[in-house]
Amino acid sequence: MKHRFALSDEESQAQFQLVSKDLLEHNVKQGVNYWAGSPYPTMLLWAGRVYDFLRVMEEIVGFYPAHRQSYLVGYRSGTDGAAVSEVIETKGSKKAARTRLLASGTSITAGAGWGRCTIEYDEDSGKAIWEFPEGTAIGLAARLEGARTKPACPFIAGFVAGWTNRSLGVELEFEETKCVGRGDDCCLFESVAFLHAKKEYVE
Amino acid sequence: MPVSASRAASISDPVHVVMVKAPQGIEERLREAMEPLRKVQGFVSAAVTRRDGLVIHHTFPSARAAAGLSAMAAAMVGASRAAGAELGIGLPTYGFIYFEDGILLIQDAGPQAILACLLELGANIGYVITRISRISDQVREALEDL
């Protein structure tokens, strides 16, 4: 069975209202924001600065080690984010709840301003694809910095991996096969059995 | 979802994602390739790591120990390559670092992998490099078939 999840314009707007406005609280004394009752401070950060973390690390240790560190941070965000949402997605069978939790990834990425995406999941093959037709916020920021030859969003790749794995109880790895930051028409993250290093990214 | 806020519910352990499963057959070939290293005097442990630092195969007592070394080895190789480019002296072939209580030897093992080997201080480095070079070729060949 194949699943496809997407948001309408109205749903994207509603998720922005919920995730980025209604659930965000400001502590006037601290001048710090908090999200959804979490004790961890939350702040607004330019997407280009997230890209800068990758770019600066790349200059020192090269693409793949930098990619992995960024991916791991995104992965933790994805797994923990799905864990928070998991509490809500309890109706119906466990399988249905897992699928709904995966689907809710579209709401979070759009609502948080990371990018509006569609998620496709094929139960039979186990293949999952997250597509951001207009690009992720980080990819769009990278594009503004100038053309690059390597994908710019390992953080998002890690996030979608973490969210997918936590939702479905699987262990998938994701590769960013398209990135607007290097001139592609969208940002595309596809699950892969084994991530191969590309020679042109190493040299 | 903001990264830090999402950590409120549970703190996931990223260690479970730092070990990748090589397909069956490849795993066996890597194990066989590494086996001769165990007979080298002064050998402690070794790991085959993906270029991004994820462990593919190792002989360490725990996956956690192998994961840490592998991530660092990948970063060292990456930094060495950047240094080679910056200095205009080409690509690194292998490197070893003497510590107070051991030696770390790192070598490229083809486009996909890096071989990191931990040795005792008294190990014969020249001999180990010879062995490591041969094993690196075998690792490269095994991973080319992926």
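User: Let's take helices as DSSP runs (H or I) of at least four residues and strands as DSSP runs (E) of at least two, numbered from the N terminus. How many helices and strands does chain A have?

Analyst: Happy to start there, with the reminder that this is a predicted model. The predictor gives the complex a pTM of 0.86 and an ipTM of 0.77. Counting those runs in chain A gives 7 helices and 8 strands.

User: What radius of gyration does chain A have, and what would a compact globule have?

Analyst: The C-alpha trace of chain A spans about 50 × 50 × 30 Å along its principal axes, and 44% of its 203 residues count as buried. For 203 residues, a compact globule would come out near 17 Å. Chain A agrees with that, as its own radius of gyration is 17 Å.

User: Which elements cover the buried residues of helix 4 of chain A?

Analyst: Helix 4 covers residues 94-111, and its 25 Å from first C-alpha to last is close to the 26 Å expected. Its buried residues include Thr99(A), Leu101(A), Leu102(A) and Ile108(A). After the helix comes Gly113(A), with a positive phi near 85°. The cover over the buried residues includes, all from chain A, strand 1 (2-5), helix 1 (9-22), helix 3 (63-86), strand 5 (118-122) and helix 6 (154-168).

User: In what order do the elements of chain B run from the N terminus on?

Analyst: Chain B contains 3 helices and 5 strands. Of its 146 residues, 40% count as buried. Reading from the N terminus, the order is α-β-β-α-β-β-β-α.

User: Which residues touch the most other members of the largest nonpolar core?

Analyst: That core holds 81 residues, and its largest share, 9 residues, comes from helix 2 (residues 63-87) of chain B. The members that touch the most others are Ile138(A), Leu115(B) and Val139(B).

User: Where in chain B is the pLDDT below 50?

Analyst: The mean pLDDT of chain B is 83, with 85% of its residues at 70 or more. One stretch falls below 50, although the model gives this stretch 36 contacts beyond near neighbours in sequence. You will find it at residues 1-12.

User: What percentage of the contacts in chain A between residues at least 6 apart join residues at least 24 apart?

Analyst: In chain B, residues 24 or more positions apart account for 56% of the contacts with a separation of 6 or more. In chain A the corresponding percentage is 59%.

Note on methods: Residues are numbered from 1 along each chain as its sequence is written. Chains are lettered from A and ligands numbered from 1 in the order in which they are written. This is a predicted model: local features need pLDDT of at least 70, side-chain atom pairs count only at pLDDT 80 or more; totals for chains, interfaces and linings use all residues. The expected span of a helix is 1.5 Å times one less than its number of residues. A residue is buried if 20 or more other C-beta atoms lie within 10 Å of its own, exposed if 12 or fewer, and partly exposed in between; C-beta atoms are placed from the backbone. Two residues are in contact if their C-beta atoms, placed from the backbone, lie within 7 Å. A nonpolar core is a set of buried Ala, Val, Leu, Ile, Met, Phe, Trp, Tyr and Cys residues joined through C-beta atoms within 7 Å. The radius of gyration is taken over C-alpha atoms; the globule rule is 2.2 Å times the number of residues to the power 0.38. pLDDT is the predictor's confidence in each residue, from 0 to 100.
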